[in-house]
Amino acid sequence: MSNSVQGIRECEIIQWFVEPGARVEEFDKICEVQSDKASVDIPSRFSGVIKTLHYEAGEMAKVGKPLIDIDVPEEEVEKVETNQAGPKDGREAGAESVLGEALGSTIEPPSLREIKKAEGKPEANTAKPREVSGKHAALATPAVRHISKELGVDITLISGTGKDGRVSKDDVLQFAKLRDSGSSQASQTQSAEPTTQNAAFLRQAPDHGPQTEESKPLSNVQAMMFKSMTASLKIPHFLYADEVDVSALFSLRKRVNKTLKRAPAGDVEKISTMPFLIKAMSLAMDKYPIINARVDVSGPKPALVMRKQHNIGVAMDTPQGLIVPVIKNVGALNILSIAQELHRLQQLAKAGKLSNADLSGGTITLSNIGNIGGTYVSPVIVEKEVAILGIGKMRAIPAFGEDGQIVKKEVMNFSWSADHRVVDGATMAKAAEVVRGFVEEPDMMLVHLH
Ligand code: CAO
C-alpha cells in the first residue's frame, strides 16, 4: 500500500462511531473521514474489540498509518489474510485497521463513478488501474469473492444490491448469467443489474442528431439595418433616461379624441400620443438646436452641421421589419397635421409602399417600443443624427401628490441617446427636460404653436 490513495495523503476524522472496548463486526462503520474529494464512512475490516483509536475527531489521519487497534480472534485474522493480495503484518491476536486500505475502494464519491459510467468511459479502459475500483467491492464476503473468481467475474464491476451496496452471491450469479447470454448490460464496462439509483445515472443522453444550419441572405430591410447600425458603432453613445408623467397628456388626448370621434379632422379620427411627443421634441430643438445637427467628418477637421428643419424619423414595426419614415419640417406643423402625416406614413409602411423621399432626410429619431412592451429601451443613434429618443411602455404607478397623499400616475420611461462627441450630458439633460415639461403640461404646447 503506498502512502497515498488516488492522490490523497491525509483525511480529517469527522467522527468516530466506536470507542475503545466496543465490539465491532466486520463491515461495521468505525468512523467518517473527509478528504478533499469526499466524505466517506470507513468500515471495519475485522470483527473484534476496539483497543485504541489513534486519532481524535478533527485530527488529520495519514494514509497508510493505523487508524485503530482491534483485538481480533486468531481465526478471523487468518480468514481476512487469505483474501488479501499478500500477507499482512497482523499480530497474533490483534490487528490494525490502516487508513488507505480502508479508503482504497471508497474514497471517490460513488456518484462520480456512476456519472463516469453514464458518459461511456469504461472503467476498464482508464489509463491507471485502481487497486479496487468497484463501488462497494470491499463489502463482499470472502465466499462471494471466491465465487466471482471461479466464474471469472470482475467483482469491481458489479453494483451490489445488498446492505450498503454489498455485492451478494446472487449479484455475481446474475452478472455471470447476463454476460453469458450476451447481454450488453453485463459487458465488462457495466454493472450486471443496476440499482434504481444507478439506472438514472446510466441512462443515455438523448441523441438530437447533428445541428442543422441554413445560410440566408439578408432581406432589404435587414441589409439597410445592417449598414446603418454598423455605421452607428462609430458614435460614442451617451444614455440619459428618466420617468415622465404622462397622466395629463393622456387625459388631454382622451378629450381631443372624443371630439375627433364626433367630428373627424380629414382622415384623422383619433390621435395617439406620438404627435404630441413629436411636437414636444421639435419645441425642445428650437431651444437646443444642437440635437438637430449632424457631425461632418468629411473635411480636414470634424464640423457640426446645423439644420433648420426638424425632420423627425419615426421607428415603425412593419411586416417588412423596422423602417424609419420621416415627418418633415415638424416645426411648421401643428399636432393635427403631424397626426395626419403620421397616419399617411403608417398606411404606406403597412402596405410596403413608402418612397425613398419618405424614408430619407431625418435629422432626429423617435422610437416608441411601448405599444409592443418593454419599460426601458436603449436606443441607437443613426448616421447623420446626433440624438434619438426611445419611449417605453406606459404604466400606472402609485406616487406622492402635492400634500404627500398617494395618487395614481401614468408614466413612461424616456431614454435619450446622444452623440457624446458633440453633445454633452448637461445639454442633453436640458433638452430632455424641455420635452418632459411639454409632455407633463401639454397645454403649454398650444402657447408655442406658430
Ligand atoms: N405604452 C403603452 N401603450 C402605447 C404606447 C406606450 N408607449 N404607445 C402606443 N401605445 C398604445 C396606443 O395608445 C394604442 O392604443 P389605443 O388605441 O388603445 O390608444 C396602441 O398602443 C397602438 O398604438 P399605434 O401603434 O396605433 O400608434 P402609436 O402612434 O402609438 O405608435 C408606432 C405608432 C409606429 C410608433 C408603432 O406602431 C410602432 O411601430 N412601434 C414600434 C416601434 C419600434 O419597432 N421601435 C423599435 C426601433 S429599434 O428596433
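Which polar backbone atom lies 2.9 Å from an oxygen atom of the ligand?

Reply: The polar backbone atom at 2.9 Å from an oxygen atom of the ligand belongs to Asp317. This is a predicted model, in which local features need pLDDT of at least 70 and side-chain atom pairs count only at pLDDT 80 or more, while totals for chains, interfaces and linings use all residues. Residues are numbered from 1 along each chain as its sequence is written, and side-chain values use heavy atoms, with hydrogens and water left out.

One nitrogen atom of the ligand is 3.1 Å from an N or O atom in the side chain of Ser367. For Gly392, a backbone N or O atom lies 3.0 Å from a nitrogen atom of the ligand. The protein covers 69% of the 960 Å² of accessible area that the ligand has on its own; accessible areas come from the Shrake-Rupley method with a 1.4 Å probe. Two elements give two or more residues each to the shell around the ligand, namely β13 (316-318) and β16 (364-368). Strands are DSSP runs of E with at least two residues, and helices are runs of H or I with at least four, numbered from the N terminus.

There are 19 residues around the ligand, and those that come nearest are Arg253, Lys270, Ser272, Asn368 and Met394. By type, the shell residues divide into eight nonpolar, seven polar and four charged. Here Ala, Val, Leu, Ile, Met, Phe, Trp, Tyr, Cys and Pro count as nonpolar, Asp, Glu, Lys and Arg as charged, and the others, Gly among them, as polar.

Lys384 lies in the loop between β16 and β17 (387-391). Although Lys384 is not a glycine, its phi is positive, at about 65°. Lys384 counts as exposed because its relative accessible area is 55%, where exposed means over 50%, buried under 20% and partly exposed in between (1.4 Å probe, protein chains only). Asn329 likewise is a residue other than glycine with a positive phi, near 50°. The loop that holds Asn329 runs between β15 (326-327) and α9 (335-351). With 28% relative accessibility, Asn329 is therefore classed as partly exposed.

Terms used: A residue is near a molecule or strand if one of its heavy atoms lies within 4 Å of it. A polar contact is a pair of N or O atoms within 3.5 Å; within protein, one must be able to donate a hydrogen and the other to accept it, and residues adjacent in sequence count only if both atoms are side-chain atoms.
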